[in-house]
Amino acid sequence: MMRRFLLLLLNEVKLLSTTLPIHFIALFQPALMFSLMAFVLISPTFDINVARSGIPEQKYLVTMMEQVGSPVGDAYMRPIQVEWEQGDPIPRGQIVWIDTSSGKTTVTQTFGLIDSNMVKNFRNRLTSAALLLWQKSLGSAAIEVEQVPQLPRDVSYRVYFGLAMIPLAAFIGASFVGAFLTAQEFEFKTITEYQLAPVSWGMILSTRLLRLCITGIISGIILGLFLYLFDRALPSSLLFALLVLFAMGLIGACVGTGMALLLRSTLPAFVTTLTSAFFFWIMGGAFGLPAGFGGAYEAVSRWMPNTYAVKTLYSLYYGVGEVELGSALVNLFIFASIGCLGVMLIYIRVMLRRGEGEQ
Amino acid sequence: MKRFWILFRTELLAWRRDPITALGGIIPPSLILIAFSLLFGGRLSFNIAVVNHDAGHYGDILRDTFNEVISPLNDVPYYSVLDMAESEALAAYQSHEVDGVWVIPADFSARIESADNPKITMYFSNYIDDRAKNHRIYSSEILWAFYERIGMPEPPLGVEEEYPLPVMIDWVPIIAVGIALLSASLGSIFNMYALTYKEQISGVTLEFGLAPRSLFWVWTPKILLATIFGLISSTAFLVVVKLWLGFWPGRFLIAAWVLLGLVCLFWIGLAVVIGMHSRNYMAGALAVVLGAIIIFFIGGGMGLVRFHSEEVLKIAWLFPNTHAIDPLRDLILFHTWPIDWSRTLLTLISFAALSLTIGISMSSRGVRRSG
């Protein structure tokens, strides 16, 4: 029994040599995506254009702008002094200038853009700089906001983004290859060999899922290595991290194989696995822990396997929230079990009934 | 011409057999839009707990101030405040149910009245530097408004704002236009593959290779149909955007189609090279589709490019999507003619021409050589 299983597994591994380019893309695409996005992820430091003038308040304002930032991280503003007069085009969407025309000194922020997110970001930064001036003028009447951050230093967005992509990588590695291999069995009629094989369907399916799972784990490890290279970030327990990759790889394998069994054609199976991969990723805490977004997003995210994978990896990478680690892993494996059950039912329905009909 | 229509009709019928692939430009983008709408379209306030121990009335005023300071993003308060006991609040904070906790001490009012260094404690999560930044700079907005409410002496510098238009556009519509462009790209790519896949698995490429006529008759209907489907996909997606978010290009629809169509032609050029080479067909398809998705993320799909061109990766400028995205936003969201229309048009035509020339010549040579 075990020997047959191993022979089948070996056969699955041999299939790799016939589909090397597919494996290469499925394994490295998430790492490539992470590497490119790592450079364009939002940075807390914004360039702020300030119109040069001889008014003393401008000098004070620029000094305050340089002071706004994290005491355990980056500065939030890089003031750039430019020659500018009212009516001139607005450089890079926004300019700050001092107005004394009404007899009262005000700082005016003139926007060239109407993107509410950018307006918010520029506004908050200027308010922070102007508030520093106000605080100084108030002296001991000024209210101090004592900052107690959760972690000893502000962690780069890239670390969270990378760890949230690791489950995506495992899912993509397993699901794309699974969809492709299984659909091609139908397209090239090699599926008949499996139907006629004198071994149980459970053994055939489990070797396929296991082999896909390994592909998913490798894809996740590759992304993890990229994350380490960028930020020297490593999980506190490799065993738990591998369990996450195993579960996500298994879910990906079930989705890819299941879709291909149902659709029996490569391109439609690819469209559906692609859609599920990116939907699960975005809805499963791709840009921040779902609890932080609340509302409908958080409610829907509870039904996404990535949410629990991300929660577990968050605990492992940040060293906080260990209490939730166990329950997140259990939830993740519940998803994996549902996936296995689903693909088994599809397999029985599609392969065995189809085989009976043809015979 | 008769030959062209025969081939065109044959290709058109191929869609019936594979409707899911034909909808490859609609299904993934629609789900991505739903995901982003849930993520960024809801109430984007930070959930925080406020623990008010203050014996005086300033603590209550500060508590009320949280609800009154409105963010330009989605026009909601920066903070969504829950009143909790301190232990409950800190437990919720540790489990990320709230993003921060503000603790107002018992002597807060007394210290304000005596100008004796009043203090508040702000606990906040900093697992992402950008979220920590928001906590810090949002707290400035709260404090500014609080000072104004309690009648502190005037600030040395007043703050004012000027906008070019009376309305602002939220983040989700900005992303939605990026997804519309992705929809056009994926629509054309998937349909080009749908139109060439049958040839691959049935070995029809050999017949193409032996055809006595120019291969122009093979490519043209495929390119035309893939472009049409790219445009249909993005237009269908724009209808969803209109119904959901209320944005539609209106009288600028044809201009938007021109930009979308040229982007489609670029991706078709890439797809056709791989579509006619059987050896690495699916790997190529995978690479092109995933490439288009990566370009969505790095080529301005989630934010304006024009004002941040220095931060856009050089590699992203090698794809037409990055050049087309902001002019498309001008047409769809702002109903204004893009200031860089002529330059954009020329750039996109160059991209499309180059891609199609290389794509058609390489694939023709490949088909003639090996079938």
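Modeller: Let us begin with B:Asp107, which is partly exposed at a relative accessible area of 30%. Buried means under 20% relative accessible area, exposed over 50%, and partly exposed in between (1.4 Å probe, protein chains only). As to conventions, this is a predicted model, in which local features need pLDDT of at least 70 and side-chain atom pairs count only at pLDDT 80 or more, while totals for chains, interfaces and linings use all residues. Residues are numbered from 1 along each chain as its sequence is written, chains are lettered from A and ligands numbered from 1 in the order in which they are written, and side-chain values use heavy atoms, with hydrogens and water left out.

Colleague: With which residue does B:Asp107 form a salt bridge?

Modeller: A salt bridge is a side-chain nitrogen of Lys or Arg within 4 Å of a carboxyl oxygen of Asp or Glu. The partner of B:Asp107 is B:Arg111, with the closest N and O atoms 2.6 Å apart. B:Arg111 is partly exposed as well, at 29% relative accessibility.

Colleague: How many salt bridges are there over all chains?

Modeller: The whole structure has 18. In chain B, a network of salt bridges links B:Arg306, B:Asp330, B:Asp340 and B:Arg343.

Colleague: Which parts of the chain does the pair A:Glu185 and A:Arg208 tie together?

Modeller: Helices are DSSP runs (H or I, at least four residues), as are strands (E, at least two), numbered from the N terminus. The side chains of A:Glu185 and A:Arg208 form a salt bridge at 2.8 Å, N to O. A:Glu185 lies in helix H5 of chain A and A:Arg208 in helix H7 of chain A, so the pair joins parts 23 residues apart in sequence.

Colleague: Are A:Glu185 and A:Arg208 buried or exposed?

Modeller: Both are buried. Both also belong to the lining of the largest cavity.

Colleague: What is the volume of the largest cavity?

Modeller: On a 1 Å grid over the protein atoms alone, a cavity is a set of points where a 1.4 Å probe fits but cannot get out, and lining residues have an atom within 4 Å of a point. Grid points are joined across faces, edges and corners, and a volume is the space filled by probe spheres set on the points. There are three cavities of 30 Å³ or more, and the largest has a volume of about 90 Å³. H7(A) gives the largest share of its lining, three residues.

Note on methods:
1 Å grid on protein atoms, 1.4 Å probe; cavity = no way out; pocket = protein on both sides within 12 Å on 5 of 7 lines; lining within 4 Å.
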